[in-house]
Amino acid sequence: MMWRTGSVSRTRPIFARSSTKPKESRRMSIAKSSSELLSGIVQRIRNQKLRSKLFLVFLLAAIVPVSYLVLYSYQTVKDQLIRQAESNVGSTMDQVNKNIENTLDNYKQASTLIYLDTQLRNYLLNDYGANDLSFLDAYDYINKTLYKMMAINSNLKSITIYTDNHSLHTDGFFIKYMEDLPQSLKDQTQKAAGNITLFFANRAGAQGNNMTLARSLNYLSLNYPYGILTMEITERELHSLIEKENNNKTIIVADSEGNIITSGLPDRKISNLAQLSEMDSRDTMVFEKSMKYGWKTVVLLPYSELLGPAQRAAQNILYTALACIAAAIVLIYATSKFMTKRIEILLQQIRKVERGSFDLTFRPMGHDEIGQLSFALNKMASKMTGLIQDIYRQELAKNEAEMSSLQAQINPHFLYNTLASISALALKNNNPQVHRMADDLARFYRISLNKGKKSITIEREIKLTEHYLSIQQTRFRNLFKVHSCLDESLYPYTTLKLILQPFIENCINHAIWDDESCLNIVLKLESEGDDIVFSVIDDGMGIPEAVCRELNQGLDEQQGFGIFNVNKRIQLAFGAKYGVKIYSRLGIGTSVKIRFPKTSLFV
């Protein structure tokens with residue numbers, strides 16, 4: 001039984017204190033197990049096929065909203081029915097209370113007419129002698145008055161006046177002596193001091209018994225009681241006021257102490273509201289409202305009756321939702337199969353590429369993302385086929401070049417042997433200049449060839465340049481001088497070979513403009529951050545500004561094969577921000593800066 005109003009108090013049990021460590025350990029174990037379980041589920045879902053994942057996602061996307069719609073619709077209808085029931089029950093209770101109050105007011109007005117009847121009071125107070133026949137007039141007046149009152153109020157079972165005047169003979173119906181009145185009713189009536197009181201002959205089972213409305217009769221000014229008026233009505237009269245409203249609900253009228261006056265309960269043995277808790281428990285809404293006589297109206301509204309329409313509506317919605325979910329499952333399966341079929345075909349073609357087969361054969365797959373992916377895969381396979389063919393041709397060319405290089409290695413050995421013979425012959429003929437030139441040339445070629453490697457240490461590059469300068473100084477005696485400013489800590493780093501010789505050669509061949517003046521060449525090696533800079537500076541005739549600008553903007557083979565070769569090799573090896581930069585002023589001289597990064601790798 002669920003009461004609409006009221007509260008339920010709960011107490012929390014007090015447990016003995018225990019160590020928190022086992023609890024924390026248990027919580028950590030539970031958290032770890034939950035985490036492992038969740039990770040296992042995620043891993044298992046991740047390893048499922050794409051079709052299964054799509055099917056699962058689409059299925060959840062269909063079931064969750066539909067389930068929410070069913071629950072939301074049921075809850076909405078339920079709340080609406082409850083609000084409507086509260087409104088309807090409130091109106092019903094107001095109407096029932098008004099009808100009962102009107103009925104009691106009518107009886108109160110009837111009792112007031114008797115209360116105010118002075119003639120009746122005089123007949124009741126008159127002292128009748130033994131041979132006094134005036135009591136007949138009293139009987140006649142009392143009978144006419146009370147019969148008329150009962151005729152006006154057809155639901156009155158009886159009207160009785162209890163008096164202490166024993167000189168007035170009792171008729172056993174309208175006039176009775178006070179001794180015949182139950183003491184409890186007498187005490188209750190006298191205590192009310194002229195107000196109407198309600199009394200039931202049997203409180204233990206009031207339903208089906210008569211109800212007595214009693215009122216003391218007294219002088220208005222003296223408040224002296226001269227009798228008690230009782231009007232007896234049946235419980236059936238009050239029950240008729242609630243009988244029409246008992247459809248799908250139970251209406252109970254009780255007094256201030258909870259004693260049931262009348263009700264629509266099937267169990268007539270229940271006489272107090274407290275006994276309702278002993279009934280078979282059913283989810284029931286309980287409404288209660290008081291009236292002005294201290295009575296109260298209680299309405300019991302079973303949830304089964306109230307929520308029947310909501311449950312039927314929810315059931316219909318559920319059947320419709322299940323049908324929609326079944327249709328959605330079929331559509332989702334077909335859609336996921338259609339979507340993943342092309343992906344599976346595309347995966348088969350990718351497997352072919354993985355095995356090295358680039359001859360892909362599959363029909364066009366449309367213009368959506370999967371279709372574009374298949375087109376891109378086909379295009380990529382074609383490009384890869386072309387790249388493989390290019391690489392194959394390059395490998396062939398490389399092999400041919402290596403063969404040519406092996407054949408060309410015969411010539412340097414022949415050159416070394418020839419230069420050694422010239423050097424020995426020069427010593428034999430006592431010619432040191434020829435001996436020195438032949439020896440420098442041999443050393444120059446031995447370092448420059450470098451067993452086919454492209455890079456050498458900076459120290460060996462400087463040695464190579466020194467051998468070249470030694471040969472040129474023998475040839476151009478006293479025409480140039482070389483000044484060196486070298487940072488020897490940079491010697492262990494590597495550089496491309498033959499990057500200084502072309503610029504030294506340009507100084508000797510192009511910067512000397514007066515055979516009588518000595519050309520000064522400054523060779524510098526320095527560090528700038530993470531870069532190494534070679535500088536070749538001369539005080540020769542210089543380069544016109546326009547020619548210098550063209551050289552810096554784009555070095556090509558026509559402007560100087562050696563310069564172009566050095567710049568191109570540096571940029572190919574280290575990047576576009578490195579290379580050769582030329583600065584010159586006509587008639588003052590030229591400065592060439594060769595920049596490359598610090599590295600110790602050999603190529």
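**Labels and cut-offs**

Modeller: Phe574 has a relative accessible area of 26%, so Phe574 goes down as partly exposed. Keep in mind that this is a predicted model.

Colleague: What makes Tyr578 buried or exposed?

Modeller: Buried means under 20% relative accessible area, and Tyr578 comes out at 10%, so Tyr578 counts as buried.

Colleague: Why are Phe574 and Tyr578 called an aromatic pair, and of which kind?

Modeller: Ring centres have to lie within 6.5 Å, and planes over 60 degrees apart count as edge-to-face. Phe574 and Tyr578 are 6.5 Å centre to centre with 80° between the planes, so the pair is edge-to-face. A search of the whole structure gives five aromatic pairs.

Colleague: And what makes the pair of Tyr123 and Tyr141 tilted?

Modeller: Stacked needs planes under 30 degrees apart and edge-to-face needs over 60, with the rest called tilted. Tyr123 and Tyr141 have 45° between the planes and 5.5 Å between centres, so tilted is the label. The pair links distant parts of the chain, with Tyr123 in helix α3 (residues 118–125) and Tyr141 in helix α4 (residues 134–152), 18 residues apart.

Colleague: How do you know whether Tyr123 is buried or exposed?

Modeller: The limit for buried is under 20%; Tyr123 has 19% relative accessibility, so Tyr123 counts as buried. Tyr141 has 25%, so Tyr141 is partly exposed.

Colleague: Which residues form one aromatic cluster?

Modeller: Tyr147, Phe173 and Phe174.

Colleague: What makes you say that Arg215 lies over the face of Tyr115?

Modeller: For Arg, CZ must be within 6 Å of the ring centre and within 35 degrees of the ring normal. Arg215 is at 4.6 Å from the ring centre of Tyr115, and Arg215 does lie over the face.

Colleague: Why is the contact of Lys144 with Asp140 called a salt bridge?

Modeller: The nitrogen has to be within 4 Å of a carboxyl oxygen. For Lys144 and Asp140 the N to O distance is 3.4 Å, so the two side chains meet in a salt bridge. They are four residues apart in helix α4, which means a separation of about one helical turn. Lys144, at 56%, is exposed, while Asp140, at 41%, is partly exposed.

Colleague: How do you know that Arg549 forms a salt bridge with Glu545?

Modeller: Their closest N and O atoms are 3.8 Å apart, and the cut-off is 4 Å. Both residues lie in helix α14 (residues 545–553), again about one turn of the helix. Glu545 has 64% relative accessible area, so Glu545 is exposed.

Colleague: What joins Glu528, Asp531 and Arg595 into one network?

Modeller: Salt bridges that share partners. In one of them, Arg595 and Glu528 have their closest N and O atoms 2.7 Å apart. That pair links distant parts of the chain: Arg595 sits in strand β16 (residues 589–597) and Glu528 in strand β13 (residues 519–528), 67 residues apart.

Colleague: What makes Leu498 worth a look?

Modeller: Most residues other than glycine have a negative phi. Leu498 has a positive phi of about 60° although it is not a glycine. Leu498 is found in the loop between β12 (494–496) and α13 (501–511).

Colleague: Last one: what does the chain do over residues 317–334?

Modeller: The chain there is 100% helix and 0% strand, with end C-alpha atoms 25 Å apart. UniProt, in an unreviewed entry, lists residues 317–334 as "transmembrane region", along with 54–74.

Notes. Residues numbered from 1 in each chain as written. Predicted model: local features only at pLDDT ≥ 70, side-chain atom pairs only at ≥ 80, totals over all residues. Heavy atoms only, no water. UniProt positions renumbered as here; feature names shortened; annotations may be inferred. Helix = DSSP H or I, 4+ residues; strand = E, 2+ residues; numbered from the N terminus. Phe/Tyr/Trp six-rings, centres within 6.5 Å; stacked < 30°, edge-to-face > 60°. Buried < 20%, exposed > 50% of the residue type's maximum accessible area, 1.4 Å probe, protein only.
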